[in-house]
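Here are my notes for you, in numbered points. Please keep the model open beside them as you read.

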Amino acid sequence: MLEPDSSACCYGSFRHIHDHGVIASIFKSCAVLSSIKWGKALHSSILKIGHLSSHQVSKALLNMYAKCGALSDCNKLFSEVGYCGHDPVFWNILLSGFAGSRNYDAEALSLFNKMHVANEAKPSSVTAAIILPVCARMRDIYAGKSLHCYMIKYGLETHTLVGNALVSMYAKCGLVHDDAYAAFDSTRDKDVVSWNAIIAGFSENKLEDNALSLFSLMLKSQIKPNHATVANILPVCASFDRSIAYCFGKEIHCYSLRHHVLLADVSVCNALVSFYLIVGRVKEAQLLFQRMEFKDLISWNAIISGYALNGEWSKALELFGELLSSELSGPDSVTLISILPACAHLKNLKVGREIHSYVLRHPYFCQDTSIGNAIVSFYAKCHNIEAAYHTFLMISNRDLISWNSMLDAFAEGGHNIRFLELLHWMLKEGIRPDSITILTVLHFCAYLLNVDKVKETHCYSLRHGLLLSNVEPSTGNAMLDTYAKCSNIEYAFKVFQSLSDKKNLVTFNSMISGYVNCGLYDDAYTIFNKMTATDLTTWNLMVQGYAENDCPDQALGLLHQLQARGMKPDAVTIMSLLPACAQIASVHLLKQCHGYVIRACFGDAHLEAALLDVYAKCGSISYASKLFQSNTGRDLVIFTAMVGGYAMHGMGEEALRIFSHMLELGIKPDHIIVTAVLSACRHAGLVDEGLKIFYSIEKRHGMSPTMEHYSCVVDLLARGGRIHDAYSFVTGMPVEANASVWGTLLGACRMYNDVELGRAVAERLFKIEAKNIGNYVLLSNLFAADARWDDVMEIRKLMKMRYIKKPAGCSWIEVERRKNVFVAGDSSHPQRSKIYTILGTLDLQIKESFQLNQ
């Protein structure tokens, strides 16, 4: 710090110095050290001595103020020194001060216009090199082209400095193909900066092929690549397909090895490390990183973010720990933004909170919005919504990413009211949603199945041009998919048509998925047939659609077509096909699927559970049991499938044993497995055991019983002959019984011929579910069993009046790999004579009295 009398000390020291070069050098030192106080003190001293009249001293002083960011002092000095306006060097110093701060771009352009209008000093090539980057930052192509015209007028456009600045300006304004390349081509003496500028320009504008071609031309020229060239070209290589990218990058690595000066530069090593990690070559990146003699913070950031990019979260966290132990000053914002996703994926709240504490202890990090956004995302992915929201509120300068991150957190966490409140707050603050916001809102609407909200979002997107603004129709695809999920297939198809030539594979798959979920298989197949390109997702959707909707033959046909095209079914394909195996009860087909799963090494617990379930449905409970026993990593899904299988086969004791074993392992049950075990008890007549499990749902497991659970208990009591207890149970339920519960009770009344109770139950049932044919048939059969034919006729009249018709019964069985279908009233089976003969024999045997041998 300067003492109060520092000016006097300086005056005493300088009054005998008349060498202006020495004074100018001291001002240059102040500029390098950013020592504005010493510079001002020396300024005060030379004013007393009278050295300011020297051009050399004035330039050095003006440069000191410009480099130290004291722009008001710089401008004031420029105005006070009379000869400054006539010298372009003085103008360039003043302009560089305003341009260099990056916060006064408009002022820099204004000063340049003032220089041009004054016409006392002609702009030079240096002036162009200062002002053209300002035009680029402001995207002011008009000002840039005006300066270009000026340079042409005075014959400066071919100067290397001007040409390089023009190339960068045009490239940053998106005019790289014609204008930037023309400026590059007209530059007389191209240097390495010229080549770097044009290569970077094409790269920044996503014209990677052009960038690579220019790099090849550069290698053939006399100009040799430097560290900046390598740093520019490696991301270009990484943009290609991974195998091609790796070959290109390896060649550049070899080139760098042959030119030792390149690898001596840490920026080249950093670029190579980043490149290898982007193309998924983690081992090469690690080896290169370990061999680096000098590592800066960028090196550490590259390797940490690269590991995170490749899903090696633990390794990223380990390297972060090594960075903290190194001699470097500490992490920067890039480090923190790179490591927080690793903490989130590992659900490592401890380290994440420590990073948050580190941020809070360093105020300059607290001002960084991107770090705040990363912390919000971290807490959200760790399901700590309150901490995420508190962090969001602490961000002083929230940007759109902040709002999107918090909205996504509320949507994923199911906080519907808070989501809507935050969205309204965002709009009230004047923050305009982007396509990411729209995708989040659509995800929220799909969760709620609220088609009105989807329509509101659709209208907003159309008004603000968000639906077709991108090259890739991601917003349009999401809109289509959300309408389909909300069962509004008409609007989904309208969106599909509106995308016209922007449709991609995801668009077609979303439309097919919508049709399949709505049961419109013909429409789905029409779209499928029109597709010029398909992927495995397309075929899986079609297989799933047919398999889940009683069209097993079509599902199998599609599977054969898929394989004929050389595509390999994945776990989703097999999962989609399993319902078809269950529908036709084909153990043979199921075993083929199982064999394929084993050969393909699909380690999917849900797929294994589905196989187990279908084995049980196909009558092969022994295979299901073997599959269960062979599974070492049993989870809730596997246990549920096995309990459900035993329940289906009436093996209540075995189901209870499996359920008890699961509880002993500490696996917490859910509603589905409780329903399965209650079902097992009712099929096996285990009334007391079933009631014990039902009453443990709330007391032991802390869950509220569902309607399925109540329905199971009603059936359990009824099958045990306790029909009036079942009725008392239904009327005493803490919630209003639904059609399923009353329907179960009506079935019990039919079983025990309790006509009066059945009539009372039916009256309740018809009020809730008037269109279910099964309820009318049950009541009609109940009356018929008691010979109440008038009541039977009344039921049939009621069915006709309500246009209710019973569909024909249908069953099928697979014999020697052939499916045999039987429909009520149909006698077209080729072996019908044998079948009816055997049925007649069986009927006689049933009617014969049974004699027990004494």
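1. A salt bridge here is a side-chain nitrogen of Lys or Arg within 4 Å of a carboxyl oxygen of Asp or Glu. One example joins the side chains of D613 and K617, at 3.1 Å from N to O. Before going on, please note that this is a predicted model: local features need pLDDT of at least 70, side-chain atom pairs count only at pLDDT 80 or more, and totals for chains, interfaces and linings use all residues. Residues are numbered from 1 along each chain as its sequence is written, and side-chain values use heavy atoms, with hydrogens and water left out.

2. Why are D613 and K617 separated by about one helical turn? Because they sit four residues apart in helix α38, residues 605–617. Helices (H or I, at least four residues) and strands (E, at least two) are DSSP runs, numbered from the N terminus. D613 is partly exposed at 21% relative accessibility, and K617 is partly exposed at 46%. For these words, buried means under 20% relative accessible area, exposed means over 50%, and partly exposed lies in between (1.4 Å probe, protein chains only).

3. How many salt bridges does the structure hold? There are twelve. Among them is K315 with E318, whose closest N and O atoms are 3.5 Å apart. Both residues belong to helix α20 (residues 313–325), three residues apart, or about one turn. K315 has a relative accessible area of 23%, so it is partly exposed; E318, at 43%, is also partly exposed.

4. The side chains of K494 and E490 form a salt bridge too, at 3.5 Å from N to O. These two are four residues apart in helix α31 (residues 489–498), which means about one helical turn between them. K494 counts as partly exposed because its relative accessibility is 44%. Elsewhere, R682, D715 and R719 are joined in a network of salt bridges.

5. Now have a look at helix α34, residues 536–548, which holds N540. Is N540 buried or exposed? N540 is buried, because its relative accessibility is 6%. Leaving out residues up to four places away in sequence, N540 is in contact with D570, V572, T573 and S576, where contact means heavy atoms within 4.5 Å.

6. Helix α34 is largely enclosed by the rest of the structure, because ten of its 13 residues are buried. The buried residues include W539, L541, M542 and Y546. The buried residues of α34 pack against α32 (505–517), α33 (521–530), α35 (552–564) and α36 (571–583). After α34 comes D550, with a positive phi near 60°.

7. Residues 535–569 are 74% helix and 0% strand, with end C-alpha atoms 11 Å apart. For residues 635–669 the values are 74% helix and 0% strand, and the end C-alpha atoms are 10 Å apart.
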